[in-house]
Amino acid sequence: MGFDFAAEGPKFMQLLIGIAAFFVVVAVLLLLVDRVPMRRRARLPAAIMLAPALALLVIGLVVPAVRTTVLSFRSGDGRSWVGLDNYSWMLSAPEAVTVLRNTLAWVVLVPLLVTAIGLVYAVVVDNTRFERLAKSLVFLPLAISFVGAGIIWKFVYAYRPPGAEQIGLLNQLVVGLGGTPKQWLLDPPLNTLFLIVVLVWIQAGFATVVLSAAIKAIPSDITEAARLDGASPWQMFWRVTVPSIRPAVIVVLVTQSIGTLKLFDIVRTMTGGQFDTSVIANEMYAQAFRYGETGKGAALAVFLFVLVTPIIGYQIRALRTRRQEVG
Amino acid sequence: MSLPTRPARLVLAGVACVTLVATGCGSSNDDSSSPGASAECAPYSQYGSHPGTTVSVYSPIRDKEADAFLQTWATFAKCTGIKVDYEGTGEFEAQIQVRVDGGNPPDLAFFPQPGLVDRFVKAGKLKTAPEKVKALATQNWTADWLKYTTIDRKFYGAPLGSNVKSFVWYSPKMFKEKGYQVPETWDDLIELSDKIAADGVKPWCAGIESGDATGWPATDWIEDVLLREGGPDVYDQWVTHKIPFNDQKIVDAVDRVGSILKNDKYVNGGYGPVNSIASTAFQEGGIPITTGKCALHRQASFYSSFWPATAKVAPDGDVFAFYLPGNNASEKPVLGAGEFVTAFADRPEVQALQEYLATSDFANSRMKLATYVSANKGVDLANAQNPIDKLSMEILRDPNTVFRFDGSDLMPAAVGAGTFWKGMTDWINGKDTKSTLDFIEASWPKS
């Protein structure tokens, strides 16, 4: 079936209306700003210009956040107050505790592994002949969507009974080494580790590129001075490289932590949260939308928000201090 | 409210055309200028003429089956001028909630879960079915089928397709070669399984992996066996939570399933140890039967469309199914399921389509196109695509059949589409019966 412009007409109309509305709003704002007396041009125009963004922020972020928080104190169908029941479920029910435990494993392991692998890789390939190629290769998985990566790795872990032809890379290797094929994704807690590998595989390239750029930005006088003082490669790494690129390492750690907390796609694609592999974001979706337990889903969402907040706070503070240092 | 007179309707349609900037109007105007004129359209004149209108349908049915539906109502759409905007999704249960909450409900939805219908009725979102639909449904279906969408004495929609779940697929060829007999009682079934196992083949194969819905084939197993272990009354009490989920009777039924599904001598033919059931896609669960690596696979009538195209589905062919036996040959409880057509809107064109879908004409034309089972009594069995469809419909319309709807579809979604599936997956993966059922019982919504 081809693309029928006429049939899509209403959508184009909506698009046009949207664009027109945008221009009208901008024109009205500019007109308003223009009317404001010159001497008061500092505060009021700023407020006027900020108003639309603020309105969108309130509608798109503040209102839903408040509503979610309210829902987390209500029953599954949202019709009666249940106090802290949803939270006590989250912290006491075995299946919910498993979810929290898994999320913790993800959040501790992924940023550490990604940063460590990215850093070592960046240092090792730094200034070698094949640096570009090596960096492109490790960067490639980043171009794959999480769902795509999940499907690829599902094949890597695929299982066929002993004796049958293995279609999974990992089991083929195991069989080649004389072992028996295993069902990697079925046995907790190891299955969570096999899922973590997938995210590390995707994100290591990001860490490599960011950290490699930071390494290249280390002033050469510092490295030369260290070398003249007779620093061994080991000392170079720990005493010069790592301290110099500390801000970049923190950026990688922080972005990875936040990204991992929100992780959903890989778990959902590969196990659907079965076999004790569920994480907060996946469980939140399942509770709220599949089981119709909006209260429990909202409680998980609020908890996730609470977990992310300190990391963002830390990031903002770090940014501010750096700006003060620079300024 | 009376319908607008003809000129008024044309004007309305014209206005709709201008506002929508749609070309679809041109053709529908042509139709409306001579509604019911051709012989082809004569049977559809009773649904009226609704040029320029659109009815959106949201459904879990996709691919080939969905194409057959589109083809079935194509003439209806042409003659009434209604454009049917069909959308099939693999995540119906979650997405219908999102659409309704988002203020964007479809006009019609095909619900496979009466439990979900109940939730939307309680939330005040669904419209009661028009009188004509109710009359058609009463005429075409047994009372059993009507009660699933009758909530607080109000009727919300007629059934659409159906399936029979109490089937065990097997290979008639293999049975003939090895001299196996189709079992008539549960004891015969176990005896047969032992015999096959002694011949060096793992008798049973199964797969319960189904993406988001992983675990559902195992819940069907439990329901089917509970119908036999406890009888229909216990089954009803269990579904409505009059007895707890971890009642001893349920424990017994689950253990009886376990004597097959968790028995390393019996499973998983062609795939490996017991826990390979959890990672085998349900579509592939029975396929080893075609290679002789497995002999028995309990799955619904619709499994007939999953066999390789080369396998002949017939009593003397490569694969066929027998009725999952009861405790003795005279007890024949049947587990089944189906979809229900319910409406979120009550515009005349929506009701016209709803009415058409409830007729036996619709079921008959749908059946002529591709495999389809309907419990509609007006269906001509000669239209059945294969012997399994025919057998299923015979069972469904037999007044002596004790029919029960798939329990997990009747329970609250938190259990029926959540912890029951998850629990059974964990159970297959090694968790014991008691703690699995305790977990499910604890998750039953309190209210």
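Tutor: The discussion below covers domains, contacts and strands in turn. This is a predicted model, in which local features need pLDDT of at least 70, side-chain atom pairs count only at pLDDT 80 or more, and totals for chains, interfaces and linings use all residues. Residues are numbered from 1 along each chain as its sequence is written, and chains are lettered from A and ligands numbered from 1 in the order in which they are written.

Student: What makes residues 9-71 of chain A domain 1?

Tutor: Domain bounds come from an automatic or database domain assignment. For chain A that assignment gives domain 1 (9-71) and domain 2 (89-326). Taken over C-alpha atoms, the centres of domain 1 of chain A and domain 2 of chain A are separated by 38 Å.

Student: Which domains does chain B have?

Tutor: Chain B is divided into domain 1 (31-164 + 337-395) and domain 2 (167-334 + 407-443). Their centres, over C-alpha atoms, are separated by 30 Å.

Student: How do you know that domain 1 of chain B is in contact with domain 2 of chain B?

Tutor: Two residues are in contact if their C-beta atoms, placed from the backbone, lie within 7 Å. By that criterion, 19 residues of domain 1 of chain B are in contact with 19 residues of domain 2 of chain B. On the domain 1 side, helix 17 (387-397) of chain B is one of the elements that supply at least two residues, and helix 17 gives the largest share, five residues. Helices (H or I, at least four residues) and strands (E, at least two) are DSSP runs, numbered from the N terminus.

Student: How many residues join chain B to chain A by contact?

Tutor: 29 residues of chain B are in contact with 21 residues of chain A. Helix 19 (413-428) of chain B is among the elements that give two or more residues to this side of chain B, and helix 19 gives the most, with six residues.

Student: Why are strand 7 and strand 9 of chain B called paired?

Tutor: Two strands pair if DSSP finds at least two bridges between them. Strand 7 (residues 167-170) of chain B and strand 9 (residues 320-323) of chain B have four bridges, so they pair, in the antiparallel sense. One of the bridges links Tyr170(B) to Phe320(B).

Student: Why are the residues of strand 7 of chain B called buried?

Tutor: A residue is buried if 20 or more other C-beta atoms lie within 10 Å of its own, exposed if 12 or fewer, and partly exposed in between, with C-beta atoms placed from the backbone. Phe167(B), Val168(B), Trp169(B) and Tyr170(B) are all buried, so each meets the cut-off of 20 or more. Phe167(B) and Trp169(B) point one way from the strand, and Val168(B) and Tyr170(B) the other way.
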